[in-house]
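Hello,

I am handing this structure over to you, and my notes on it follow below. Please read them with the structure open.

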Amino acid sequence: MPLAAPIRDEFVALLGERDVLSDPVRTRTYECDGLTGSRVVPELVLLPRTADDVAGCVRVCARHRIPFVARGAGTGLSGGALPVADGVVIGLNRLNRVLEVDPENRRAVLEPGVTNLEITAAAAPHGLYYAPDPSSQQVCTIGGNVAENSGGAHCLKYGFTTNHVLSLEVVLPDGSVVTLGSDSAEQSGPDLRGVFLGSEGTLGIVTKITVRLLRTPEVMRTLLADFPSVAAGGQVVSDIVAAGIVPAAVEMMDALAIEAAEGATGAGYSLDTPAALVVELDGTVEECEEQFAQVKEICDRHGCTRLHVAGSPEERANIWRGRKAAFAAVGRISPDYIVQDGVVPRTRLSEVLERIEAMGTEAGLRVANVFHAGDGNLHPLVLFSAADGETERAERLSAGIAELCVEMGGSLSGEHGIGTDKACSMPAMFGVDDLAVMDRVRAGFDPDHICNPGKLLPTPRLCGEKPGRYRPHPLEEAGLIERL
Amino acid sequence: MTRAAPTTLRPTTPAEVRDAVLDVPGRLAISGAGTARHWAGRPDAVDATLDLSALSGVITHNPGDMTVSVHAGTPLADLQAELAGHGQRLALDAARAGRGATVGGLVATADAGPSALIYGGMRDLVIGTTSVLADGTMVRSGGHVIKNVAGYDMAKLLHGSYGTFGPLVEVVLRLHPVAKATACVAVDGPVDDAAERVLALMASPLEPIAVEWLSGDPGRLLVRLEGGTSTLPARVRRLVELLGDGAREVGPDAWDEHAALTTGEPGRAAGVGGAAGAAGRDAVVRIGCAPRSLAPLLGRLPATAVTAGLATGVATVTVHDASVTDVHDAVAAAGGTSVLRDRPADLDAPAWGAAPSALPLLTAIKNQLDPEARFAPGRFAPWM
Amino acid sequence: MTSTPETDGTPTGAAETKIPQQAPSAFDAVHPPQRELLDDCVHCGFCLPTCPTYVLWGEEMDSPRGRILLMDLAEKGDISLDGPFTEHMDNCLGCMACVTACPSGVQYDKLLESVRPQIERNVERSRTDQLFRDAIFALFPYKRRLRAAALPGALYQKLRAVPAIRRLADRLPGRLAAMESLLPPVTVREAFATLPVHTPAVGPRRARVALLSGCVQDVFFHRVNEATVRVLSAEGCDVLVPRDQQCCGALEVHAGREESALDRARRTIARFETLDVDAVVTNVAGCGSSMKDYGHLLADDPAWAERARAFSARCRDVHEVLADLYARPESEDGGPRAPRTPVSGRVAYHDACHLGHAQGVRNQPREVLRTIPELELVDIAEASLCCGSAGIYNMIMPDAAAELGERKAGKIRDARPDVVVTANPGCLLQIAKYLPGGGATADGTTTGGSTGRAPAVDAGWGDVPLLHPVQLLDASIRGAEVPHR
């Protein structure tokens, strides 16, 4: 049911004609985020410029029970910003001011549309930086990072977005504005800020974020090491951890991923190695140098075939450029691909990689691997060609890999979120009761279910559509929900 | 209406906890080691107390993955002893762990110690939880891997909940390696002086693990470093140099006094102005604000003893019980948060400062998860 | 009523990245955007922060990713070319910053190049728009008309014989005046000056090159051409400047006026291909990018494909030629040859989009500038963002161009340069228009040498020399005062 014209007029009265998009060609460009497999054209796209206008938009939605979906840069890989038919998209990318950098308290206050990299750019003159660094950091916004609890290569040592956000100004689904969190780690009562972080836009819209900034480490040492097998690289990671070293980052790429990344960036990765490991240490000169020597020794012990130490900030940047472009660069070696984001306990890395390889062979599809080896967060990229009718096979393989991670005691998602993409796999990880309780928490925030509905938790229509999978829906079986 | 004396139930398994919640009608208090019995709002009368101290022990420890799952009633000190054998630890140094505080209790009270500066609090260390709701639902969230964004993070909701949503029964924790070497540097001086030194310290690359000022005459700043056995001495020298006049390395027992002050142990503390603490009528308030606002705020509080994380903005202050409301007001005026901890059992002072803007939201979630308000009544008085 | 939370459309969670064909393509059969090129886009969004219109407006349909989606939809027959589609393609500056940023290697340049002629052929423009565009293209590619325009007096009086200009003057005199106001002041002597046909190398010859003198460049920036010839010669190049060369067609290529552009391309190829030279050199970023693209543009013209490919392979930006000479080993007579006098001061190099993004020529101009003693090269923040000139963009989209011009000027001022250099006449005009707006510099200090000293700028930003890099090099080689323009 399309929105009635008077409702559109309410938004126009609030934002002005230019900032309310309703032309179907224009709204089409908002039909998906970084997950292109799911597309829904929203009824309207609202592009407010201030937090007050965001709250105003939400109040109109609440009054008319119009579902709304917040969107930042639209780079999410789980369909978290997928619009809702008959609903509105509220774009936050125009709220893009760095409101304050406070070097003495080591924090910054940001609007949600500020990109992750801009935070560090604003902090850098003070010798500070913002630690979470998702690969899309040059484009993804802090609002989206809050929604997804984004990680990045350096979260092994430094943690995720949730560990770096002090407080949030949030527009709740009823249009009221609240502050979650405080100026210090000491909070008043339950950590609602922590609940909101990573809630994938289902609990409200963040309009202001206060983040912690860290002092730029005294030294950073980065090495790129080639290994004769992914397993050898994995053993290096285990030994580093066993030595009591907490590296800033440990990233692994296999031959296919290297081929793509090197093709995109020419960053200097070896094209003939089965596996490459990027290890970065940071800290004080004393600690870093000692541990770096240990790491090099561990690499040698496991048959490292080439060890390249970044000799300058430019070389370090190059290594990271290659790594961070890896996902998008896979577009160079395959017409289509699906990125997975499962996590396994690190000690089961080798085992799971063998299983993935076997599953890929069985499905007749190539799987490229890029992963955060330090924390067991895998990013298997299932390569396929839609034109050759491989889509369904690829989807099956991809979902199978995600569920394999759960089976191994891990998680469906380490950083990309559940969104629409993996909502139907949630019952593989959580029981009916767990999901029902999450839904109750959601109802505490959003009793009318208008805030990014259909994401994160499985719903019967979402998951019933797939023949043979998750039908009948467990929540339905439990009598907790009914088919609409 | 008269009531019988409340029953105390001591379940030993998660299933027994659930059964207890289902079998005992009415309102329930939750207790662990009892180390934070008097913290936050004074409990209202209940029909039964769930004592989780028997729900104890490690469930699984995966040294290679640096994760451990434990029953909620496990004393942290016991856990640390077990982990130490593997060169690992839970990176939490809350003072009351020494008195037997349990893992579940530390989560529920959002307690943390000086090393929260680097490692964060329980909210940053818990990666999975299982808890029991008022209707007997056993709910699990998170998992056994450090990196995980699947589903809402119920651990955060339980962190600082004081049991209001129900008892935790199982907690999964991420671990850190035990530091190969630890050192502590002290420099004496009043809080304002310490705050300026801390500003310089935090702008330096020395990466302190903990930075705390202790009240006394004239007060003392303690800075903890961790590192390798061969590399730490050089950093200690840099730190001593940076902190300037009077800075010197001290032994680890310097932190004992910190722990004593933080727990408000009467008689141990000399006041900020040198006055002795009013033993017996002391109240301990935990406060937090922006780090650079802390020293000026402390100057405005009638505190008899203080430990202050000058880099975190979190402090624990001991005041005469009549001053609790003044503390809440002063902290609120500085944009901070405050909660009453230990105090005389008969003290009738508000446990919490000004209500947060999210109070209606908190109430709505409480109504969703515990609609009959069975759990921990009174803990959030006067808010809800 | 609560709306249903579930979604329609393609099944959620599907990996299918392609939209099904809805109807016949909205494009005609002449070079529609290629399906494989459209499919290269994985919608990752890495292009967004580099796109000038996205930076200005924050709207998805005015981003590269959004435009590619619109092209995809049009190709799938889902939307038509008129209306919003054309509007958002017109909004694109064609700066190609997204091509640089794209990790998937999407060739947005090729896509846009095939879409613009489709719009020109298949979409009827508003009368105003059409009149204006016709007038622009009746003026700019013609050196003779540009020279006439440079003469004192009203543009209309001088060019009334040109039908497109007469029509615009009759119906929309205001737009004509706006166009005229963008033409830079130039002396009559300079406008009518010509370059020598042959200038021999100073010293042993290291290369033999032919220079495209350009149309706008030769009339309004003749001094840049003169400096280019002098510098190339001083660095050991024989320089040929064919007398009867014409416009290379760049402006028309970038605006989608394909037929006429291809004619100009053929004529340019024919004029230069018989010359016995190592390279065809240009000092205009826009001309270079289109000449290097002739091979692609004429790929399916059997009579011209091979000739175009060979021509494009020989095209070089002047900085490439110089940087190559400097990079040669000493045993092969490499390195800078002409003695330099110092030019002390802060020099900000602005990357022209058609040089940096379209041709990937970023280091060479900097290497060339670094051969000047005492020169301090400084970076401009947001270097990859377009200044808003973009061919004819600042004439047809004046508001967006103005916003970008102001933004760029602000970043240039932040760099506190004593001299600003850039290798494209459009950029020079655009920056000249917006840079003075900032008033006097806070810190206009310069230091150093007597000759070649960059002038102090405490009089205001309007006095900051704004040059093509070869002008600065020319001044250094000749030991002359750094010119103002």
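Subject: what was found

D72(C) is buried, its relative accessible area being 8%, because the limit for buried is under 20%. Please keep in mind throughout that this is a predicted model. The residue D72(C) belongs to helix α3 of chain C, which covers residues 64-75. Between D72(C) and H43(C) there are 29 residues in sequence, and their C-alpha atoms are 12 Å apart in space.

Another buried residue in chain C is L298(C), with a relative accessible area of 1%. L298(C) sits in the loop between α18 (294-297) and α19 (305-314) of chain C. From L298(C) to R309(C) the distance is 8.3 Å, C-alpha to C-alpha, with the two 11 residues apart in sequence.

Next, the surface of chain C. L151(C), V188(C) and F192(C) make up a nonpolar patch there, and together they have about 230 Å² of accessible area. V188(C) is part of helix α12 of chain C (residues 188-192). The relative accessibility of V188(C) is 36%, so this residue counts as partly exposed.

E190(C) pairs with R223(C), and their closest N and O atoms are 3.0 Å apart. The pair links distant parts of the chain, since E190(C) is in helix α12 of chain C and R223(C) is in helix α14 (residues 222-234) of chain C, 33 residues apart. Are the two partners buried or partly exposed? E190(C) is buried at 11% relative accessible area, whereas R223(C) is partly exposed at 21% relative accessibility.

Salt bridges with shared partners also join R18(A), D19(A), R49(A), R94(A) and E59(C) into one network.

Over all chains, the count comes to 90 salt bridges. One of them is formed by D448(A) and R65(A), whose closest N and O atoms are 3.5 Å apart. D448(A) lies in the loop between α16 (432-445) and α17 (460-464) of chain A, and R65(A) in the loop between α3 (51-64) and β3 (68-71) of chain A, so the pair ties together parts that are 383 residues apart in sequence. D448(A) is partly exposed at 25% relative accessibility, and R65(A) is partly exposed at 34%.

Which parts does the salt bridge between R238(B) and E286(A) join? The N to O distance in this salt bridge is 2.8 Å. R238(B) is in helix α8 (residues 232-243) of chain B and E286(A) is in helix α10 (residues 285-301) of chain A, so the pair joins two chains. R238(B) is partly exposed, with 25% relative accessible area, while E286(A) counts as buried at 18% relative accessibility.

Last, a helix pair in chain C. The axes of helix α4 (residues 84-91) and helix α6 (residues 108-122) of chain C come within 11 Å of each other and cross at roughly 130 degrees. The helices α4(C) and α6(C) are therefore oblique to each other. The crossing of α4(C) and α6(C) is left-handed.

Regards

Definitions and conventions. Residues are numbered from 1 along each chain as its sequence is written. Chains are lettered from A and ligands numbered from 1 in the order in which they are written. This is a predicted model: local features need pLDDT of at least 70, side-chain atom pairs count only at pLDDT 80 or more; totals for chains, interfaces and linings use all residues. Side-chain values use heavy atoms; hydrogens and water are left out. Patches are made of residues with over 30% relative accessible area and no salt bridge: like charges are joined within 9 Å, nonpolar side chains (Val, Leu, Ile, Met, Phe, Trp, Tyr) within 5 Å. Accessible areas come from the Shrake-Rupley method with a 1.4 Å probe; for residues, only the protein chains shown count as cover. A salt bridge is a side-chain nitrogen of Lys or Arg within 4 Å of a carboxyl oxygen of Asp or Glu. Helices (H or I, at least four residues) and strands (E, at least two) are DSSP runs, numbered from the N terminus. Buried means under 20% relative accessible area, exposed over 50%, partly exposed in between (1.4 Å probe, protein chains only). Axes are lines fitted to C-alpha atoms, for helices over the stretch in contact, and angles run from 0 to 180 degrees between N-to-C directions. Angles under 35 degrees count as roughly parallel, over 145 as roughly antiparallel, 65 to 115 as roughly perpendicular and the rest as oblique. A crossing is left-handed if the near helix is turned anticlockwise from the far one by less than a right angle, and right-handed if clockwise.
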